[in-house]
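This briefing is meant to be read with the coordinates open, and it moves from the chain as a whole to selected residues. Please follow each topic in the viewer as it comes up.

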Amino acid sequence: MQDKVRDLRSALKRLKQMEGQYIETDVEVDPMAELAGVYRYVGAGGTVKRPTKEGPAMVFNNVKGHEDARVAIGVLASRKRVAALLDCKPEELGKKLYHSVDNPIAPVEYQGDAPCQQVVHKVDPDFNLYDLVPAPTNTPDDAGPYITLGMCYATHPDTGVHDVTIHRLCIQGKDELSIFFTPGARHIGAMAERAEELGQK
């Protein structure tokens with residue numbers, strides 16, 4: 001039996017074992033429009049002419065201006081891949097997600113050095129998101145580079161209840177990100193609205 005998928009590392013490991021679902025390159029790519037342009041044809045099979053074709057997830061090992069970083073793209077871009085990562089058939093994805101709330105998994109306090117904390121960047125005078133995050137800019141007309149699977153942690157100012165939500169985040173400056181909140185649709189949006197009512201950040 002194959003190992004469970006528990007994080008990005010194990011997800012990529014599984015995709016590598018699946019024929020036609022993973023590809024990587026050591027060729028240097030510029031995050032400004034070039035990275036997305038390459039994936040458009042390799043992974044997405046083009047994004048204008050319909051129907052689009054399913055291509056592999058892709059990892060770029062050599063990102064211009066980010067010598068210690070790699071970029072994964074398209075990991076969740078097909079139902080076939082997502083189903084494989086969640087150990088189900090593509091046609092069962094909806095039911096799998098629906099029933100996932102029946103038995104929530106309680107958080108576990110990790111003992112020791114957590115793999116997700118191997119690299120930590122603290123704010124100092126040289127802190128610069130543009131240098132730290134190899135986020136791609138899809139076209140020269142975009143508002144900026146996008147982190148497309150950004151995880152945001154927030155706490156409700158009244159109840160203290162907290163949540164982690166996933167959003168596209170746009171890098172707007174060396175220490176500034178923008179995010180779109182759909183009014184009333186997400187926990188973090190309700191938290192932001194209440195904080196605004198209270199005059200809080």
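This is a predicted model: local features need pLDDT of at least 70, side-chain atom pairs count only at pLDDT 80 or more; totals for chains, interfaces and linings use all residues.

The chain has six helices and six strands, which follow one another along the sequence in the pattern α-β-α-β-β-α-α-α-β-β-β-α. Taken along the principal axes, the C-alpha atoms fill a box of roughly 50 × 45 × 45 Å, and among the contacts with a separation of 6 or more, 50% come from residues 24 or more positions apart.

**Helix H1**

- In helix H1, which spans residues 8–16, the buried residues are Ser 10, Ala 11, Leu 12, Arg 14 and Leu 15.
- An α-helix has 3.6 residues a turn, so residues three or four places apart point the same way.
- The cover over the buried residues of H1 includes strand E1 (22–25), strand E2 and helix H3 (79–85).
- The N-terminal end of H1 is capped by Asp 7, which has a side-chain oxygen 3.3 Å from the backbone nitrogen of Arg 9.

**Strand E5: His 167 and Gly 173**

- His 167 lies in strand E5, which covers residues 162–173, and this histidine counts as buried because its relative accessibility is 6%, where the cut-off is under 20%.
- The side chain of His 167 makes a polar contact with the side chain of Thr 165, at 2.9 Å.
- Not counting residues up to four places away in sequence, His 167 touches Ile 147, Thr 148, Leu 149, Gly 150, Cys 152, Ile 179, Phe 180, Arg 186 and Ile 188.
- Gly 173 also lies in strand E5, and with a relative accessibility of 12% Gly 173 counts as buried.
- Leaving aside neighbours within four places in sequence, Gly 173 is in contact with Leu 129 and Tyr 130; the C-alpha atoms of Gly 173 and Leu 129 are separated by 7.2 Å, although these residues are 44 places apart along the chain.

**The second largest pocket**

- Rolling a probe the size of a water molecule over the atoms shows where empty space is left.
- The second largest pocket has a volume of about 340 Å³, and its lining consists of Ala 154, Thr 155, Pro 157, Ile 179, Phe 181, Ile 188, Met 191, Ala 192, Ala 195, Gln 200 and Lys 201.
- The elements that give two or more residues to this lining are strand E4 (146–155) and helix H6 (187–197), and the largest share, four residues, comes from H6.
- By residue class, the lining of the second largest pocket divides into eight nonpolar, two polar and one charged.
- Ile 179 and Ile 188, which are among the residues of this lining, are also among those that His 167 touches.

**Cysteines**

- How many disulfides does a search of the whole structure find? The search finds zero.
- Cys 152 is in no disulfide, and the nearest cysteine sulfur, that of Cys 170, is 13 Å away, whereas a disulfide would require the two sulfur atoms to be within 2.5 Å.
- Cys 152 is buried, with a relative accessible area of 12%, and Cys 88 likewise counts as buried, at 15% relative accessibility.

**Loop residues**

- Ala 33, placed in the loop between E1 and helix H2 (34–42), has a positive phi of about 70 degrees although it is not a glycine, and Ala 33 is partly exposed, with a relative accessible area of 22%.
- Asp 87, found in the loop between H3 and helix H4 (93–99), has a phi near 55 degrees, a positive value in a residue other than glycine, and Asp 87 counts as partly exposed at 37% relative accessibility.

Note on methods. Residues are numbered from 1 along each chain as its sequence is written. Side-chain values use heavy atoms; hydrogens and water are left out. Buried means under 20% relative accessible area, exposed over 50%, partly exposed in between (1.4 Å probe, protein chains only). A polar contact is a pair of N or O atoms within 3.5 Å; within protein, one must be able to donate a hydrogen and the other to accept it, and residues adjacent in sequence count only if both atoms are side-chain atoms. Contact means heavy atoms within 4.5 Å. On a 1 Å grid over the protein atoms alone, a cavity is a set of points where a 1.4 Å probe fits but cannot get out, and a pocket is an open set with protein on both sides within 12 Å along at least five of seven lines; lining residues have an atom within 4 Å of a point. Grid points are joined across faces, edges and corners, and a volume is the space filled by probe spheres set on the points. Ala, Val, Leu, Ile, Met, Phe, Trp, Tyr, Cys and Pro count as nonpolar, Asp, Glu, Lys and Arg as charged, and the others, Gly among them, as polar.
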